[in-house]
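Please find below a colleague's note on the model under review. The points are numbered and may be read in any order.

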Number of protein chains: 2
Amino acid sequence: MEISEIGEFGLIDRLVRRARRRELLVGVGDDAAVMDLREKIVLTTDMLVEGDHFRTDWSTPVRIGRKAMDSNVSDIAAMGAVPAFAFVSICLREGIDVEFMDLLYSGMYEVAKRYDIDIAGGDTTHGAIVVINICIVGTVERPVLRSGASPGQPICVTGPLGGSRAGLELLLAGRTDGPREAIEKHLDPGCRMDVALEIASVAASMIDVSDGLASEVNHICDMSGVGAEVDASAVPLAPSTLAAAELLGADPLQWALGGGEDFELVFTANEGRLAGLKVPYTVVGRTLPASKGRWLVRDGKKKPLAGGFDHFRK
Amino acid sequence: MEISEIGEFGLIDRLVRRARRRELLVGVGDDAAVMDLREKIVLTTDMLVEGDHFRTDWSTPVRIGRKAMDSNVSDIAAMGAVPAFAFVSICLREGIDVEFMDLLYSGMYEVAKRYDIDIAGGDTTHGAIVVINICIVGTVERPVLRSGASPGQPICVTGPLGGSRAGLELLLAGRTDGPREAIEKHLDPGCRMDVALEIASVAASMIDVSDGLASEVNHICDMSGVGAEVDASAVPLAPSTLAAAELLGADPLQWALGGGEDFELVFTANEGRLAGLKVPYTVVGRTLPASKGRWLVRDGKKKPLAGGFDHFRK
């Protein structure tokens, strides 16, 4: 069905489900949403752009919807916060039909439901490409910041890195015969809200991996005023990432350091507190005094820790 | 300067000014913002798309920035709420340089400063076109909803309508020799936050004009369960709108009813409360019992009240 058959308001009626959270006083259908959260609120917003963050010929509307929501929930997770409401702005283009939107929203709702998030508003418009902006509001008691690290803390990650970039490289190279798991990781990366609150209860600093481990550790160093040493041999890489690297003749460690969109969590904590943490994690390095610098140790050699993904750097 | 010379984080550092509001506990530079508002919060989000909402050959970066911020503040105004924080997501394309971004942000900050809004976060990415999504969070004690109207209330507007569409039609027709005021109204419409709180203290229902008077009155009717009669002869039209209509051989009333982006406020109120209102307004009609329907009265003839702007209807 073409969207012009039902119009903007018909589309909104069709897509938006009834909100369930009692903190929502006014939802879809007015000029703005009203919420009574009575706590410190946390807010994040992330924009996904067709051609840059997703391609409709590589992915499916359901996966695009899940990735859009997960990438936003990931930022809430990285604060040690609890998501509550999502606001979805979408720019549509010619060729996007009602069925596409149904599936996109079903992907978003799948993630929203998992974390008890209501979609409570947004905006729908059109243009030359599909753009999805999601804003998530949540609550937080004690946010875990990038600035909380001290020298001498283990640097930990919640899971394998570089997989999302491995999948992207396979797709760019047209090697869809490559390891499916890597391609799936790129198209549908998920996020680590499942372990975020438990980690938040012990972590000194935390950030999610959206631009690669090197970039995220550098953010923690910048904001905390510490240095860092990352041990290349400790960085967890999935077998599918290693297989993709083998296939493409690439260095999988570079994907982990600078690939981005893995949406695992990177955190530091005091040794004593870390001992009590029940969720799986891998120690990949240690924070240092700022004066000691930031290093990657690989094969016994020290190199400056660099290589985060930047949308604008060539 | 090309953006690639300073990168994403360099761009953010350059553009984002220091936040001033003490309710902001964590701002730009972490995964999400943290606010301690301790009140009911109001949130709106609006997406402006190059080619659809603005064109860089018609407008200037400063005006585009002002319009993006004003169109969002307008939704907060329409709730009778007070804006506090803005979150700006931007998709850039090739050809957008650092100077463009400086000017775009200076336009946004101009409006933000006027209403004591801090820009407290956002996202910067790139794609084939420029897309600006702003999310504004504010506080509200008693929100004025679209659903608050009762039969028998005057329907009021805060200023002339149709001007933004008049300007758009002049630009589309290449008639830049047409009345400059109309073109300015399209490129830089402003918003009515200046009178919103005073109106909110007496209004029963309120909405901003983003899709045209007919569309907005229909929203109030839908949400309040009332009918309405709009008097065509009472709808305020600026002299520049009349001049543009004359030049293009168009009906200026249709621009007022279905043009959109005027960002004036439409509200209803009990007669008694309205009498105490000090800000200028024009009565353009009256709400009716739902069973009486929704009408436009023009030259003594009644026609169904229709004609709101819909991005997706052809």
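Which exposed residues does the face of H8(A) turned away from its buried side carry? Point 2 takes this up.

1. Basis of the note. This is a predicted model, in which local features need pLDDT of at least 70, side-chain atom pairs count only at pLDDT 80 or more, and totals for chains, interfaces and linings use all residues. Residues are numbered from 1 along each chain as its sequence is written, while chains are lettered from A and ligands numbered from 1 in the order in which they are written.

2. Helix H8 of chain A. Helices (H or I, at least four residues) and strands (E, at least two) are DSSP runs, numbered from the N terminus. A residue is termed buried if 20 or more other C-beta atoms lie within 10 Å of its own, exposed if 12 or fewer, and partly exposed in between, with C-beta atoms placed from the backbone. In H8(A), residues 239-248, the buried residues are A:Ser240, A:Thr241, A:Ala244 and A:Ala245. Viewed down the axis of H8(A), these fall within an arc of 140°, so they line one face of the helix; the arc is that of the directions from the helix axis to the C-beta atoms. The face turned away from the buried side of H8(A) carries the exposed residues A:Pro239 and A:Glu246.

3. Surroundings of H8(A). The cover over its buried residues includes helix H4 (163-172), helix H5 (180-187) and helix H9 (252-258) of chain A. After H8(A) comes A:Gly249, with a positive phi near 65°.

4. The interface. Two residues are in contact if their C-beta atoms, placed from the backbone, lie within 7 Å. The contact takes 60 residues from chain B and 60 residues from chain A. On the side of chain B that touches chain A, strand E3 (residues 41-49) of chain B supplies the largest share, eight residues. Strand E2 (residues 33-35) of chain A pairs with E3(B) in the antiparallel sense over three bridges; pairing requires that DSSP finds at least two bridges between two strands. Within this pair, A:Met35 stands opposite B:Ile41.

5. An open sheet of seven strands in chain B has the order E8-E10-E7-E11-E9-E12-E13, with mixed pairing. Strand E8 (205-208) and strand E13 (301-304) of chain B are the edge strands, each pairing on one side only. Strand E7 (residues 154-157) of chain B pairs with strand E10 (residues 265-268) of chain B in the antiparallel sense over three bridges, and the bridge partner of B:Cys156 in E10(B) is B:Phe267.

6. B:Leu305. This residue lies in the segment after E13 of chain B. B:Leu305 counts as buried because it has 23 C-beta neighbours inside 10 Å. Although B:Leu305 and B:Ala214 are 91 residues apart along the chain, their C-alpha atoms are separated by 6.0 Å.
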